[in-house]
Amino acid sequence: MTLKRTIKTITLSLLFALAAEPVVGQDLLARQAPIDRRAKKLDSIEVKSFAERENMQSPAADLYGDEWDNTYAHRATELPDRFTIDLRHFCMPTPSRVVTSNFGARWGRQHKGLDIKVYVGDTIRAAFSGKVRIVKYNAGGYGKYIVIRHPNGLETIYGHLSKQIVHENQVVRAGEPIGLGGNTGRSTGSHLHFETRLCGEALNPALLFDFRNQDVTGDQYVFNRDTYDRESAEATRERGKVGNGGYTRDMVQGGELGRSETADEVINYAMNGPERLYYKVKNGETLEGIANKLHVDINKLCRLNGFRKNQRVRTGQIVRYS
């Protein structure tokens, strides 16, 4: 009798244990689920970060493939019939609002970009993040110039510089200084020649950038072969030339002269005018904090650097304050 009771007890215990095992397993799975979700989220973030780094190293690879040549300023590749260009996360290459020459026919030839009035020594910045493809000098054309390829498919060209401060194959961020304004090459006065190209084909920068209002034209621009010519003409009418005279220095960068200068006067001002002062951003600093630290009005910082008041600055970034 005692033996039977013992066997029965053991049998019941085994049954209870077997019955409880799935519950314990489910409990473990339930506790593991949040960990798995966090791990997947971290994996997703890491993959995205890796993809962004890869894209910066080989920008617009889907559009250009393996083509990367430091020889030519532009060489036409297959241009899609339709392509969406992301214009977010931009920086105006200069705070100047003065367009002195439009895109299109000029002096019997095609002018492939916009001429923006700048003075010798003015800071020129990368319009978008990307990778520098060319840093060269062309005496009969661009003078000292820079070409940057961007992940959004565009290449931007900055011509007639007095100094280039980046090198080929360097990765740059939007807003990073890349050179100084000048009057080199085939130029009749200090200005920035600014081009936007897609697969080597020049697009009217006025379709993408509104220099008068220091902004892009939208979050994106959709290039369409069938409508491009009409849209380009409309953009020039809306955002085109201010003129070679009648603008003030404040319209260009802010300053004391308040009138149109000759090339000699501009060079003299750049060499002998007020000293240009720069500040290197430290970890955790904000634009407002820098303005207070340097006893400079934040509006002046924005004007000198082409910033917005809520613009974030990063550690190591160079900010002009005078």
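This is a predicted model: local features need pLDDT of at least 70, side-chain atom pairs count only at pLDDT 80 or more; totals for chains, interfaces and linings use all residues.
User: What makes α6 roughly perpendicular to α7?

Analyst: Helix α6 (residues 287-294) and helix α7 (residues 298-305) pack at an angle of about 110°, their axes being 9 Å apart. Angles of 65 to 115 degrees count as roughly perpendicular, so α6 is roughly perpendicular to α7. The crossing of the two helices is right-handed.

User: Which residues of α6 and α7 meet?

Analyst: From α6 come Leu 287, Glu 288, Ile 290 and Ala 291, and from α7 come Ile 298, Leu 301 and Cys 302. The residues of this contact divide into six nonpolar, no polar and one charged.

User: Which residues of α7 are buried, and what covers them?

Analyst: Ile 298, Leu 301, Cys 302, Leu 304 and Asn 305 are buried in α7. Their cover includes α6, β6 (123-125) and β19 (318-320).

User: What caps the N-terminal end of α7?

Analyst: Asp 297 does, with a side-chain oxygen 3.0 Å from the backbone nitrogen of Asn 299. The cut-off for a polar contact is within 3.5 Å.

User: Why is Thr 84 called partly exposed?

Analyst: Its relative accessible area is 40%. Buried means under 20% and exposed means over 50%, so Thr 84 counts as partly exposed. Thr 84 is found in strand β1 (residues 82-86).

User: How far apart are Thr 84 and Val 222 in sequence and in space?

Analyst: They are 138 residues apart in sequence and 4.3 Å apart in space, C-alpha to C-alpha. Leaving aside neighbours within four places in sequence, Thr 84 is in contact with Val 222, Asn 152, Gln 220 and Tyr 221.

Technical notes:
Residues are numbered from 1 along each chain as its sequence is written. Side-chain values use heavy atoms; hydrogens and water are left out. Axes are lines fitted to C-alpha atoms, for helices over the stretch in contact, and angles run from 0 to 180 degrees between N-to-C directions. Helices (H or I, at least four residues) and strands (E, at least two) are DSSP runs, numbered from the N terminus. Angles under 35 degrees count as roughly parallel, over 145 as roughly antiparallel, 65 to 115 as roughly perpendicular and the rest as oblique. A crossing is left-handed if the near helix is turned anticlockwise from the far one by less than a right angle, and right-handed if clockwise. Contact means heavy atoms within 4.5 Å. Ala, Val, Leu, Ile, Met, Phe, Trp, Tyr, Cys and Pro count as nonpolar, Asp, Glu, Lys and Arg as charged, and the others, Gly among them, as polar. Buried means under 20% relative accessible area, exposed over 50%, partly exposed in between (1.4 Å probe, protein chains only). A polar contact is a pair of N or O atoms within 3.5 Å; within protein, one must be able to donate a hydrogen and the other to accept it, and residues adjacent in sequence count only if both atoms are side-chain atoms.
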